[in-house]
Amino acid sequence: MRAEPAPAGPGAAAGAPAGPRPGLRLAVLGAAAVAVGAFFVAFGALDALALIGPMRARRLATMVLVGVAVAVSTVLFQTVTENRILTPAIMGFDALYALIQTGAVFALGSTAVIAVAPVARFGLEVAAMLVFSALLFRWLFGGARRSLYLLVLVGIVCGTFFRSLSAFWQRVLDPNEFLVVQDRLFASFTAVDPALLAVCAVVVAGACGWVWTARRELDVLLLGRDNAAALGVDHHRRTMAVLVACALLVSVSTALVGPITFFGLLVANLAYQVAGSHRHAVVLPAAALLAVITLVGGQAVLEHVFGLDTVLSVIIEFLGGIVFIALLVRGAKR
């Protein structure tokens, strides 16, 4: 089955129905994100807001950082690969994270791993994922243009290898240490060390700031390699720069809270439908706002309605998997 390349944008097709202007849509999304954040922080805590508010605000900041990082990185990855069913997670980043966690406990023991300072552990995890992504992207995009089939195949092979090695190590772990590993393999927004938030905020803000300055060149990349070169954009250099930013955002978000495989796919494709424009100046903030609304709103519902009877990442993976299957089926029909 052939994966379908991304079109120029949801509103680029001839005869597409006119809708509200992109600026109005972003304003509505922004207002919804603020409302959801206020609801998450203040619901049921007005009498003790001074005590509970800071804790919830810290978790809100975590979800905002992760949501923005995942959304922006997914849009960037889909732009350079010219396909809307691919995400950085498919390329094996989540499996590598699981391998790092399992390997650390297997080699050092859970006591030694827990004793490592959160900032040091976070830095090592980010560095390992960045090295892997640099090697992978350099090989895939460093020379002649590789086919999409090879890109997907390499990601699947790497992910399968990492998962197989992780599964082998997990089978020989002590049951108590296995529980420690399992706890780290589910994305959690409730146990983030406050010292990491400032570091992540600087990294995400810096990467997103660079992406924003390159938004017009990203629009040109949507036209393909030949058209981008004809318009004066160094396609190879810009693609590599975008992939570095993408890998940095994915590494930081995964190391901060854990893997969320299909979340980026979900919010990115929602953003294409909601944005009403193919321009990255609209799609990127739309995806980021939708990610914040989804994460914060979902966590608020779980806590305030269902009493944390389940994990948010499980629901996100379920919905994202459905979206992924739907995109595959739609591409096959076309």
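Biologist: What should be kept in mind about the numbering and the confidence limits?

Modeller: Residues are numbered from 1 along each chain as its sequence is written, and side-chain values use heavy atoms, with hydrogens and water left out. As the model is predicted, local features need pLDDT of at least 70 and side-chain atom pairs count only at pLDDT 80 or more, whereas totals for chains, interfaces and linings use all residues.

Biologist: How do you know that the span of α1 agrees with its number of residues?

Modeller: Helices are DSSP runs of H or I with at least four residues, numbered from the N terminus, and the expected span is 1.5 Å times one less than the number of residues. The 21 residues of α1 (residues 22–42) should therefore span 30 Å, and the end C-alpha atoms are 30 Å apart, which agrees.

Biologist: Why is Cys158 called buried, and what makes Cys200 count as buried?

Modeller: Buried means under 20% relative accessible area, exposed over 50%, and partly exposed in between, with a 1.4 Å probe and protein chains only. Cys158 has 18%, so the residue is buried, and Cys200, at 1% relative accessibility, therefore counts as buried.

Biologist: Which residues of α1 are exposed on the other side?

Modeller: Leu24, Val28 and Val34 are exposed there.

Biologist: How many disulfides are counted?

Modeller: A disulfide is a pair of cysteine sulfur atoms within 2.5 Å, and by this rule the count comes to 0.

Biologist: What is the secondary structure of the protein, and what share of the residues is buried?

Modeller: The protein has 14 helices and 0 strands, a strand being a DSSP run of E with at least two residues, and buried residues make up 48% of the 334 residues.
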